[in-house]
Amino acid sequence: MVLNSLDKMIQLQRNTANIRNICVLAHVDHGKTTLADCLISSNGIISSRLAGKLRYMDSREDEQVRGITMKSSAISLHYAKGNEEYLINLIDSPGHVDFSSEVSTAVRICDGCIIVVDAVEGVCPQTQAVLRQAWLENIRPVLVINKIDRLIVELKFTPQEAYSHLKNILEQINALTGTLFTSKVLEERAERETESQVNPNPDPGEQVYDWSTGLEDTDDSHLYFSPDQGNVVFTSAVDGWGFGVEHFAKIYSQKIGIKKEVLLKTLWGDYYINMKAKKVMKVDQAKGKKPLFVQLILENIWSLYDAVLKKDKEKIDKIVTSLGLKIGAREARHSDPKVQINAICSQWLPISHAVLAMVCQKLPSPLDMTAERVERLMCAGSQAFDSLPPETQALKAAFMKCGSEDTAPVIIFVSKMFAVDAKALPQNKPRPLTQEEIAQRRERARQRHAEKLAATQGQAPAEPSQDGSVLETSPKGEEPKAGDERQVESMTLKSLPQEGSNQESFIAFARVFSGVARRGKKIFVLGPKYSPVEFLRRVPLGFSTPPEDLPTVPHMACCTLENLYLLMGRELEDLEEVPPGNVLGIGGLQDFVLKSATLCSVPSCPPFIPLNFEATPIVRVAVEPKHPSEMPQLVKGMKLLNQADPCVQILIQETGEHVLVTAGEVHLQRCLDDLRERFAKIQISVSEPIIPFRETITKPPKVDMVNEEIGKQQKVAVIHQTKEDQSKIPEGIQVDSDGLITITTPNKLATLSVRAMPLPEEVTQILEENSDLIRSMEQLTSSLNEGRHTQMIHQKTQEKICEFKGKLEQYLTGRKWRNTVDQIWSFGPRKCGPNILVNKSEDFQNSVWTGPAVKASKEASRYRDLGNSIVSGFQLATLSGPMCEEPLMGVCFVLEKWDLSKFEEQGASDKHNPEQRDVVQDGQGVGETCSSGGENPGLQDGGSEPLDKKTSQKGESLLTDCYGPFSGQLIATMKEACRYALQVKPQRLMAAMYTCDIMATGDVLGRVYAVLSKREGRVLQEEMKEGTDMFIIKAVLPVAESFGFADEIRKRTSGLASPQLVFSHWEIIPSDPFWVPTTEEEYLHFGEKADSENQARKYMNAVRKRKGLYVEEKIVEHAEKQRTLSKNK
């Protein structure tokens, strides 16, 4: 095929039915970019000889150096099949786990995907991850089994072994798809069940059924990969060949005379051919018959490889002539057998034809978008599609229709912003000169030359040199002599790139879902928090004002589509308009869109559901410029980096340092290179990685450090130790034996009693998973508190909240947790974290589920204000724990008592003094409600000595003033109470853990284990891959120990093992950071100083040092070893 012109592409874009938006997904190094190269070479964009070596889609320098893709990039290809012409928008995506966020951005704007699997390695961890991402976005996959040449050349399989190996791989992938499908069906069935519980009168016959009913009824045959369905292609991208079963069915139906349809069904599977009867029979393995796939397909390919590798010239010629191919003399004489194989196979079984034909047949066009996917995209958060306003629901039809008429609403989704050098933009490229311009320039050069000659001959030598230097430095800078407009134009064109050369220009990577995107069109940019409900409330129905005059609605901006580009890998082409269903680049949105956004011409469109990223960013570093004067450039550079990368996070901490949060080491390296070379263009210094920890408490241990049961002898020592511990806690704070802390505010007006308890692990996990739901509950309560009833709770959300509450009740059972769930007052930190505050005080009932107990409004609001102070204190305490100021996790704080009797006394006595009327207003209602809760001893005392009270009354109110506002004191006191409550329990650190998947050959297993154990890793399982000598090791590894892990493993195993690290969970470090030996056995075992390394203490001190907190450590460890200098002569 020839390289297509831009006009051809524009014409193809208009036929929506023949557009295919696809992305290539796979594990790292399974051959995505090589496959993309083969497809691009079919369009003549690159030479077919370079396919696989050039890696055209990897346009960044570091991608070429490392040999992995780091960003998803798109290219438009043309494919003709019969008289149908297709436009294929191909997006190549990364396979490395650090860049899985790029996969999410690619998957969102596609309708189908090609899953590539290495024939040797089979299904790998990242293959599972990308399949799941494709599944979550509801896009249809097809399968390419790549690198089949490795089965021949490396593993030296026979065709029969290769066949059973390929069958295994297919089974693995289908098993994966099956699990995804099963979980989805069962989820839907559970939803239906909850609905039927809502209307509980079904027919009597419907009540008895088996759990798998949903699975049996649902047709899932179209989901699985099978060569006879035409959704599997076998390829070797590096050798340029690939085939689907259909290709061979066509050839052999003519040769053998069996119907093509029969062959299609039987070419894959255990069937053999009886040549005499010209019949296809079921295979009986014992008879040693070969399946059709082996006999008719694989053996031919094996014999070709065999001939070429053995350099059997006669056989090669025979094969070439029998296939009717023409091989160039250069390839035939070439000494490298790979070149010959490539030359023969790419003509015999062209890979691009096999893959693109499958894509066009099996993957949907933008018109075939399922209603289910549209509804998923439009329902952000926990909303249901039915709960959206009718104007919004009407847009579903526009999505499905993909209409290009002027009345259709324009809906575009921007999945990411990417930076390009301003020089690469089409409008800044130097354009070729016309003949006239060349003639004019020639004429001008002649004139100049003549002037120069005249000047040197006729004048003093001082002037010409000056004149000449002007000419040499800036020939373009001269004034145009004659008013030649064309000349001025070429000058301005030339001067533009010089101004913009050092700046990055941002382009939005987007897809048009409906309507036609035209240059210069006014459009709304909807942020992720925008709500169409809010807009429709503010603007009357049937509005027809221009966008500029609309009232301001939060999270919505109006902008103009400035430049539209066709994305062609490394190139961009200018477009005037883009019809629906196409992938495009949009320029000029950098001030409106941060990372992703929805663009729409009608404001009733909701923002699309946010992209779901597989990898959590966890690796943090602090960056600062080498020269402090360059701080503004760094700040600006980090802003640009934040916009250019979908996964990176930029924070400025309280300490003022700029922190970069990335998904892993490779990602971090790429971000830092980008900062240095593209965005900030300054030298930066980078801190050691900042490792996140969490703090928690555990149940008191049953055995000591030498596994002796904690007995009486231990008790003596422990009492000493607890006495030391208690000496840490200042006076005026009472501690019970079971860890209840009672503390009074500085002005002695209120007393709080708080206890800390560890939450069961399952509860912590539930809280983590439901953080979004907790956040939406928090929004609802706050809007109710402010008296706005706008946000009606939707039934689905209500159901989710009930289910969440039920789960908590299920795990929080037993005597000590009785009624706890109903009394949950707040979650923390940031009101949605994995810690809870439980309110057990009698005077004031408030729960997260119901909002504050409704009383007389004035009193309730006063109580609520003071209650808010207590919640704020709890939030502060959970945000930074006492060990090393890290957030808490899995802790439940119980507010046992909350005594305000003194405060209310003061309020009551203040009534008599008219000077302090405002103080009265504040305290009075609270007093009344408290006294109604039961006779408080404080009240009786106050009643018995009224005289003293009146005399000390002025002093009291002054006290309040000198300690600051009462609400502030409550916050501080609550925070202190929570911290002391933690310190009286056994405290532990929690470390972030990676799951680590390593593929290694048997001979380097020992070295892999050595590296893992050195870094505190723990092996969970190892299994051998069938049919290969590869082992798959699953392990967990603390994030703190993971830096340089991949490099070390590669060095120790000579590159034979490569790990994939994904953040998995938080795990308690079992050792106590404050542990000291107390019993005789412990002294014997650990020595007096206990100098064996305490992991938790090491981490804790490192964090404290970094944060500038006090660290308890001896500067001189062994003083007796230090000698004076005079002895050392």
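1. Six strands make up an open sheet, ordered β25-β26-β27-β32-β29-β28, with mixed pairing. Strands here are DSSP E runs of at least two residues, helices are H or I runs of at least four, and both are numbered from the N terminus. Two strands count as paired if DSSP finds at least two bridges between them. The edges are β25 (734-735) and β28 (824-828); each has a single partner strand, so one side of each lacks a neighbour in the sheet.

2. A word on the source. This is a predicted model: local features need pLDDT of at least 70, side-chain atom pairs count only at pLDDT 80 or more, and totals for chains, interfaces and linings use all residues. Residues are numbered from 1 along each chain as its sequence is written, and side-chain values use heavy atoms, with hydrogens and water left out.

3. L740 has R755 of β27 as its bridge partner. Helix α35 (residues 966-983) packs on this sheet and touches β26, β27, β29 (835-839) and β32 (891-899). Contact means heavy atoms within 4.5 Å. The direction of α35 makes about 40 degrees with that of β27. Axes are lines fitted to C-alpha atoms, for helices over the stretch in contact, and angles run from 0 to 180 degrees between N-to-C directions.

4. Another open sheet has four strands in the order β21-β22-β20-β23, and its pairing is antiparallel. β21 (649-652) and β23 (684-686) are the edge strands, each pairing on one side only. On average, neighbouring strands of this sheet are turned by 30 degrees against each other, direction ignored. Three bridges link β20 (residues 619-625) with β23 in the antiparallel sense. V623 stands opposite V686 in β23.

5. Two helices pack on the four-stranded sheet. α23 touches β20, β21, β22 (658-662) and β23, and its direction makes about 25 degrees with that of β22. α24 lies across β20, β22 and β23, running at about 135 degrees to β22.

6. How do α23 and α24 meet, and at what angle do they cross? The axes of α23 (residues 631-644) and α24 (residues 665-679) come within 10 Å and cross at roughly 120 degrees. That makes α23 oblique to α24. Under 35 degrees counts as roughly parallel, over 145 as roughly antiparallel, 65 to 115 as roughly perpendicular, and the rest as oblique. The crossing is right-handed: the near helix is turned clockwise from the far one by less than a right angle. L634, G637, M638, L640, L641 and A644 of α23 meet C671, D674, L675 and F679 of α24. These contact residues divide into eight nonpolar, one polar and one charged. Ala, Val, Leu, Ile, Met, Phe, Trp, Tyr, Cys and Pro count as nonpolar; Asp, Glu, Lys and Arg as charged; the others, Gly among them, as polar.

7. Helices α11 (residues 292-309) and α14 (residues 337-348) pack at about 150 degrees, their axes 9 Å apart. Their crossing is right-handed. From α11, the contact uses N300, I301, L304, Y305, V308 and L309; from α14, P337, Q340, I341, I344, C345 and W348. This contact has 10 nonpolar residues, two polar and no charged.

8. The salt-bridge count comes to 46, a salt bridge being a side-chain nitrogen of Lys or Arg within 4 Å of a carboxyl oxygen of Asp or Glu. R150 forms one with D118, the closest N and O atoms being 2.8 Å apart. R150 lies in helix α6 (residues 149-153) and D118 in strand β4 (residues 112-118), so the pair ties together parts 32 residues apart in sequence.
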